[in-house]
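Reader: I would like to learn how to read surface and backbone features from a model like this one. Could you take me through them step by step?

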Amino acid sequence: MKLHSLIAAAALAAAPAAVFAQDWTGPYAGFQIGGSDIDVDGAPLTGDGPSYGVFAGYNIQAGNLVYGGEFDYDTTEYEIGDTVEVESTTRLKGRIGSEVGGGLLYGTAGIVWATSPQLGDDDGYLFGVGYDFPVSDNMIAGAEILQHEFEEYNGGALDVSVTTFKARVAFNF
């Protein structure tokens, strides 16, 4: 009896996870949570903090190639040094990728806006990579790493670099 249970458990553990045939074309929206690492050139400042946000986009699939655009907004708790906070970030991104391992591996690039009560608002550019994996027919789980660059933030002498990591959940429509 114990051998039978052990064999059944081994067979279940070795079985591949369910893979859903995914058509990536269409609109999607979801939420994300993440963290950041911040470096400032031109001042002895570093920082970090969590973020929480929403995103929406549209993908088009042509064979194994998937491309599209995405908008996202994060409320942030980024702290730089002891006196500077970043309250929010807004991003507009292009994405291009391919199906890999049952999911979508993609590269992304775009523009980013940041809001800070102490430094003011500024825009910069971003680039990064991500991976989305279908959990069900209309639900996707994913992760994304982005590098944000703000050169001469708000016309000043500070160059700000922000690396973010996001865990994401989206729903296809």
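Author: Let us begin with the idea of a patch, which is made of residues with over 30% relative accessible area and no salt bridge, nonpolar side chains being joined within 5 Å. Please keep in mind throughout that this is a predicted model.

Reader: Which residues make the nonpolar surface patch here?

Author: Phe31, Val54, Phe71, Tyr73, Leu92, Ile111, Trp113, Phe171 and Phe173 make a patch of about 890 Å². Two or more of its residues are given by strand 3 and by strand 5, the latter spanning 103–116. As for Phe173, this residue lies in the segment after strand 8, and Phe173 counts as exposed because its relative accessible area is 66%, where exposed means over 50%.

Reader: In what order do the eight strands close into a barrel?

Author: The order is 1-2-3-4-5-6-7-8, with antiparallel pairing, and from one strand to the next the twist averages 20 degrees.

Reader: How should I read phi, and what is the phi of Glu152?

Author: Most residues other than glycine have a negative phi. Glu152, however, has a positive value near 50 degrees, and Asn154, which is not a glycine either, has a positive phi of about 55 degrees. Glu152 lies in the loop between strand 7 and strand 8, and Asn154 is also found in the loop between these strands.

Reader: Is Asn154 exposed or only partly exposed?

Author: Asn154 is partly exposed, at 43% relative accessibility, whereas Glu152 is exposed, at 52%.

Definitions and conventions. Residues numbered from 1 in each chain as written. Predicted model: local features only at pLDDT ≥ 70, side-chain atom pairs only at ≥ 80, totals over all residues. Heavy atoms only, no water. Pairing = 2+ DSSP bridges. Helix = DSSP H or I, 4+ residues; strand = E, 2+ residues; numbered from the N terminus. Axes fitted to C-alpha atoms, helices over the stretch in contact; angles between N-to-C directions. Patch = residues over 30% accessible without salt bridge, like charges linked within 9 Å, V, L, I, M, F, W, Y side chains within 5 Å. Areas by Shrake-Rupley, 256 points an atom, 1.4 Å probe, with all protein chains shown as cover. Salt bridge = Lys/Arg side-chain N within 4 Å of Asp/Glu carboxyl O. Buried < 20%, exposed > 50% of the residue type's maximum accessible area, 1.4 Å probe, protein only.
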